[in-house]
Every structure is written in structure tokens, then in C-alpha cells.
Amino acid sequence: TKPVVLHLQSLPLEPRAAEDLHSKFENLFIWEQADPAAFLAEKGASIRGVVTGVRPWVNQELLDKLPNVEIVSSNTVGLDKVDVSLCKERGVSVTNTPDVLTDCTADTALALLLACMRQIPAAHQYVCDGRWPKEGDYPVTNKLKPLVLVTAEIMHLCQGLADLSSCLYGHSICAMLAVVSGKRVGVVGLGRIGAAIGKRLEGFGCPISYYSRSKKPQYPEYNYYNSVVELARNSDILVVACALEKATTKIINREVLDALGPTGFVVNIARGPVIDEAELVKALVEKRVAGAGLDVFVNEPEVPKELLNMANVVVQPHVGSATYETRNAMANLVVENLVAHFSGKPLLTPV
Ligand code: 8YV
């Protein structure tokens with residue numbers, strides 16, 4: 001008999017992977033079940049493999065219903081929804097999809113960075129709405145801006161005047177189109193994706209700094225900060241690329257955003273909860289930061305409504321890895337890990 005695999009999230013499969021999956025396993029799809037709890041109570045003990053993704057939880061509640069599960073194959077690199085330590089404790093193997101999505105996700109970070117700093121979606125909309133011939137060239141900035149900006153920056157530097165200055169920014173600084181090339185970039189989390197983002201931005205002449213748990217000797221040309229606040233204080237652009245863990249939850253908080261300041265941009269391709277989203281919204285509304293490019297949010301698919309009509313804020317529906325090629329490569333890896341496990345071969349990408 002074929003091993004039974006429970007699917008919690010669907011996989012975009014190429015024909016070969018689909019053929020492997022359907023010929024080698026008995027597949028049960030949670031979304032086809034009218035009563036998932038009753039279904040798990042009935043079938044749980046027969047399930048030996050789980051396919052999961054970015055939304056479902058693989059936690060104690062689920063694992064308790066699957067006493068004979070041997071492997072959890074996640075169609076993600078981030079494992080914040082999988083209780084990996086409980087899986088280890090119970091002898092359940094876990095696999096994810098590293099490497100195959102690194103380039104794509106780093107490309108997304110660059111796209112968001114360029115899009116928010118150069119206001120590409122808003123400028124595109126300006127053309128599509130027929131405003132160019134009627135209203136003239138797209139407004140790069142307000143004429144008073146440079147003077148106002150200098151004043152605001154001086155205010156920002158004055159400790160203790162933060163409230164007064166944020167109140168002034170709120171009324172005086174409008175979003176502006178900002179240069180990307182040469183800006184100081186701070187990467188939060190220099191893992192595979194963070195490093196691929198750094199590499200791309202080197203090509204833009206950007207000096208790269210980073211925060212991570214420890215200094216990475218393999219990047220001697222990058223400046224290391226052991227404090228995110230210090231990294232932000234010394235960056236024009238903060239790119240968040242760390243895993244979501246207890247220690248990184250809300251790692252980008254009000255203090256970090258204020259250290260980045262009113263000319264700074266934030267890009268997040270990691271997970272929503274690594275940023276204190278309410279504070280980011282406030283900082284954007286009060287113009288204490290200049291703009292943001294966001295692929296991920298705290299309550300996906302909900303996005304704070306304040307972010308939806310700002311020329312300097314670009315939002316995407318968690319599509320960092322969403323290209324045909326990458327999503328296929330990820331799904332193939334999910335299936336190949338299952339096949340390896342059930343044929344007694346080494347896993348391709350064990351966690
Ligand atoms: C998702 C991601 O996996 O890999 C991750 O951690 O966040 C994404 O690549 C993708 O959205 C598929 O669900």
C-alpha cells in the first residue's frame with residue numbers, strides 16, 4: 001500500500017512531480033473535507049506524511065492527531081508555522097525549500113525597493129489615469145521640500161524633540177522620489193536571501209551593513225552591527241530578510257524606525273510580524289520614515305488600510321517567491337523529499 005500523505009496547502013505541480021505524487025502516494029486534501037476535524041479523527045492515524053505551506057499551522061494540536069506521521073515537507077523556506085522542535089522530539093523529519101527561491105525572493109526585494117523609492121506604481125497610475133497631459137509632469141517633490149527636509153533632519157537629530165519633530169514632519173514633508181544608487185543599505189538577517197540582496201545592491205554602488213545574531217566572517221566587506229537600532233541609524237534603507245522567530249518578532253520597532261528617520265525606507269520580504277506593523281503604519285502616516293516596500297503582513301491577507309493609498313508605499317500579496325519557475329522548483333523539492341523519505345534515501349533539504 002502507498003504511504004498516505006495529508007496536504008494542508010496545494011502545490012503548483014509540473015506534470016512529472018504530479019505524476020510522482022499521484023503514483024507513489026495516497027493523497028488526502030484537507031480543503032476537500034467538509035468537516036476537517038472529523039476527517040482527521042478518522043484518518044489521522046493512517047497519515048505518514050504532511051505537505052504544508054505558508055499558512056497552515058503544524059503545531060501540537062495537529063501533530064497530536066497524526067500519531068504516525070514521519071515527515072513534514074513544507075513548501076516554504078521559512079518554518080515559523082511548523083513546530084520544528086516538537087517534530088524533532090517526536091522523531092518527525094522536517095524539510096523545507098531553501099536555495100531554489102533565494103534569487104527570486106532577492107529580486108522581489110530589489111523590485112520593492114526601486115518601486116517604493118521611485119514611486120513606480122503611483123507614477124504608472126498617473127499615466128494610466130490620464131493625468132500627465134492634464135496636470136503636467138509627475139511631481140518629484142514639493143518645491144519647499146529641500147529646505148523643509150533640512151529642517152526636519154536637524155529636528156530629528158535633536159533628542160528630546162522627537163514628538164515636536166514628528167508633528168512637524170506630519171505636516172511638512174511629503175513623499176519624494178529618492179535615489180537608490182549609492183544609498184547605505186542595512187540588511188536585517190544576512191542568511192541566504194539577505195546575502196543575495198546585498199550582492200545585488202553592491203551592483204547599485206550601495207555600501208552594505210547588516211545585523212545578524214553573529215558576525216559573518218564570509219562577508220568582510222560588509223559592516224556588522226550587533227544592534228538593529230545602530231544599523232538603522234547608519235542606513236538609508238533597511239531591508240528585512242530574517243527568519244521569524246521569538247527573538248525577531250517586532251525586531252523592527254518604533255525605536256528602530258526613528259533611528260532610520262524621515263528619509264529612510266523599509267523593505268520587508270521576510271514575515272509580517274518581524275515588524276511592529278502598527279508602529280510602521282504610524283511612522284509612515286506621520287512621515288517619520290520616507291516609505292516602505294512590503295511583501296508580507298501580520299494578518300495576511302489583510303493589509304492595514306492606511307498603506308493602500310500612499311505613493312511612497314508599495315504593497316504586494318506575499319509573492320516573494322512567486323514566479324512560475326521558482327514555485328515549480330519548490331514544489332518539486334517538496335515531492336522529492338517525500339519520495340526520498342519513503343524510499344529510505346537521504347532527504348534533499350532536511351531542517
Ligand atoms: C511561500 C515563503 O512559501 O518560502 C517561504 O518562506 O514565504 C514563500 O515562498 C510561498 O508563498 C508559497 O506558499
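Q: Into which domains is the protein chain divided?
A: Domain bounds come from an automatic or database domain assignment. Here the protein chain splits into domain 1 (4-98 + 324-342) and domain 2 (102-136 + 178-315). This is a predicted model: local features need pLDDT of at least 70, side-chain atom pairs count only at pLDDT 80 or more, and totals for chains, interfaces and linings use all residues. Residues are numbered from 1 along each chain as its sequence is written.

Q: What separates the centres of domain 1 and domain 2, and how many residues are in contact?
A: Taken over C-alpha atoms, the centres lie 32 Å apart. Two residues are in contact if their C-beta atoms, placed from the backbone, lie within 7 Å. Four residues of domain 1 contact five residues of domain 2. On the domain 1 side, one is nonpolar, two are polar and one is charged. Ala, Val, Leu, Ile, Met, Phe, Trp, Tyr, Cys and Pro count as nonpolar, Asp, Glu, Lys and Arg as charged, and the others, Gly among them, as polar.

Q: What is the order of the open sheet of five strands?
A: Strands (E, at least two residues) and helices (H or I, at least four) are DSSP runs, numbered from the N terminus. Two strands pair if DSSP finds at least two bridges between them. The order here is β2-β1-β3-β4-β5, with parallel pairing. β2 and β5 (93-95) are the edge strands, each with a single partner, so one side of each has no neighbour in the sheet. The twist averages 20° from one strand to the next. Axes are lines fitted to C-alpha atoms, for helices over the stretch in contact, and angles run from 0 to 180 degrees between N-to-C directions.

Q: How many bridges join β1 to β2?
A: Four bridges join β1 (residues 4-7) to β2 (residues 26-29). Val5 has Asn27 as its bridge partner, and His7 has Phe29.

Q: Which strands does helix α14 lie across?
A: Helix α14 (residues 324-342) lies across β1, β3 (47-52), β4 (71-74) and β5, at about 160° to β4.

Q: What is the order of the sheet of seven strands?
A: This open sheet runs β8-β7-β6-β9-β10-β11-β12, with parallel pairing. β8 (223-225) and β12 (313-315) stand at the edges. Val188 stands opposite Val240 in β9.

Q: Which residues surround the ligand?
A: A residue is near a molecule if its C-beta atom, placed from the backbone, lies within 6 Å of it. The surrounding residues include Asn75, Thr97, His318 and Ser321. The shell has three nonpolar, eight polar and no charged residues.
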